[in-house]
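Open the model in your viewer and keep the selection tool at hand.

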Amino acid sequence: MADRVVRIKRVYLDPSEDDGKRILVDRLWPRGLTKAKAKVDLWLKDIAPSNELRKWFAHDPDRWPEFKRRYVAELKAVDKPLILLKQETRRGAVTLLYGARDEEHNEAVVLLDLLNK
């Protein structure tokens, strides 16, 4: 699996040739973005943090460590979406797409970390 490439990218950035399969990992569709412009190959809504966790976190960097802990616990409780994501990464290059402005504190960062373990 050494050739496995997984990246993360803001969904609002232009798609590129090396994105591979583009997987949206947000629960909500990104505001103001058409399906054609987003070029999303797979939308894994169920892998996103719960609405409760998302609202609690509110992209507050001070809550980041606790958000990560809670999100990983949620993923373990409903493991099917994570299993599906891992299967996709075995098929080739994957780019995890997210809508958040904060590029360091979002669910895609947590997922990338999990996939690289």
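The tour goes stop by stop, with a selection for each.

**Before you start**

This is a predicted model: local features need pLDDT of at least 70, side-chain atom pairs count only at pLDDT 80 or more, and totals for chains, interfaces and linings use all residues. Residues are numbered from 1 along each chain as its sequence is written, and side-chain values use heavy atoms, with hydrogens and water left out.

**Stop 1: strand β4**

Select residues 94–98. This is strand β4. Helices (H or I, at least four residues) and strands (E, at least two) are DSSP runs, numbered from the N terminus. Is β4 buried or exposed? Five of its five residues are buried, so the rest of the structure largely encloses it. Buried means under 20% relative accessible area, exposed over 50%, and partly exposed in between (1.4 Å probe, protein chains only).

Now check the two faces of β4. Val-94, Leu-96 and Tyr-98 lie on one side, and all are buried. Thr-95 and Leu-97 lie on the other, also buried.

Two strands pair if DSSP finds at least two bridges between them. Look for Ile-8: its bridge partner in β4 is Leu-96.

**Stop 2: the nonpolar cores**

Select Ile-47, Tyr-71, Leu-85, Leu-96 and Leu-111. In the largest nonpolar core, which has 24 residues, these touch the most other members. A nonpolar core is a set of buried Ala, Val, Leu, Ile, Met, Phe, Trp, Tyr and Cys residues joined through side-chain atoms within 4.5 Å. Which elements supply at least two residues each? They are α2, α3, α4 (80–90), β4 and α5 (107–115). The largest share, six residues, comes from α5.

Centre on Ile-47. Not counting residues up to four places away in sequence, Ile-47 touches Val-25, Tyr-71, Leu-75, Pro-81, Leu-82, Leu-85 and Leu-111. Contact means heavy atoms within 4.5 Å.

Then move to a second, separate core of five residues. Among its members are Val-11, Leu-24, Leu-33 and Leu-97.

**Stop 3: the rings**

Rings of Phe, Tyr and Trp (its six-membered ring) pair if their centres lie within 6.5 Å; planes under 30 degrees apart count as stacked, over 60 as edge-to-face and the rest as tilted. By this rule there are five aromatic pairs.

Select Phe-57 and Phe-67. Their ring centres are 4.2 Å apart and their planes at 20 degrees, so the pair is stacked. Phe-57 lies in helix α2 (residues 51–57) and Phe-67 in helix α3 (residues 64–77), so the pair ties together parts ten residues apart in sequence. Both residues of this pair, Phe-57 and Phe-67, are buried.

Why are they about one helical turn apart? Phe-67 and Tyr-71 are four residues apart in helix α3. Tyr-71 has 0% relative accessibility and counts as buried.

Ring pairs link Phe-57, Trp-64, Phe-67 and Tyr-71 into a cluster.

Next, select Lys-35 with Trp-29. The charged end of Lys-35 sits over the Trp-29 ring, 4.3 Å from its centre. Such a charge is NZ of Lys or CZ of Arg, within 6 Å of the ring centre and within 35 degrees of the ring normal. Select Arg-70 with Trp-56. Arg-70 lies over the face of Trp-56, at 4.0 Å from the ring centre.

**Stop 4**

Select Asn-106, in the loop between β4 and α5. Asn-106 is buried, at 0% relative accessibility. Its side chain reaches the backbone oxygen of Asp-102 at 2.9 Å. A polar atom of the Asn-106 side chain also lies 2.9 Å from the backbone nitrogen of Ala-108.

Finish at Asp-19, in the loop between β1 and β2. Asp-19 is buried, with a relative accessible area of 3%. Its side chain makes polar contacts with the side chains of Lys-9, at 3.1 Å, and Arg-22, at 2.5 Å. A polar contact is a pair of N or O atoms within 3.5 Å; within protein, one must be able to donate a hydrogen and the other to accept it, and residues adjacent in sequence count only if both atoms are side-chain atoms.
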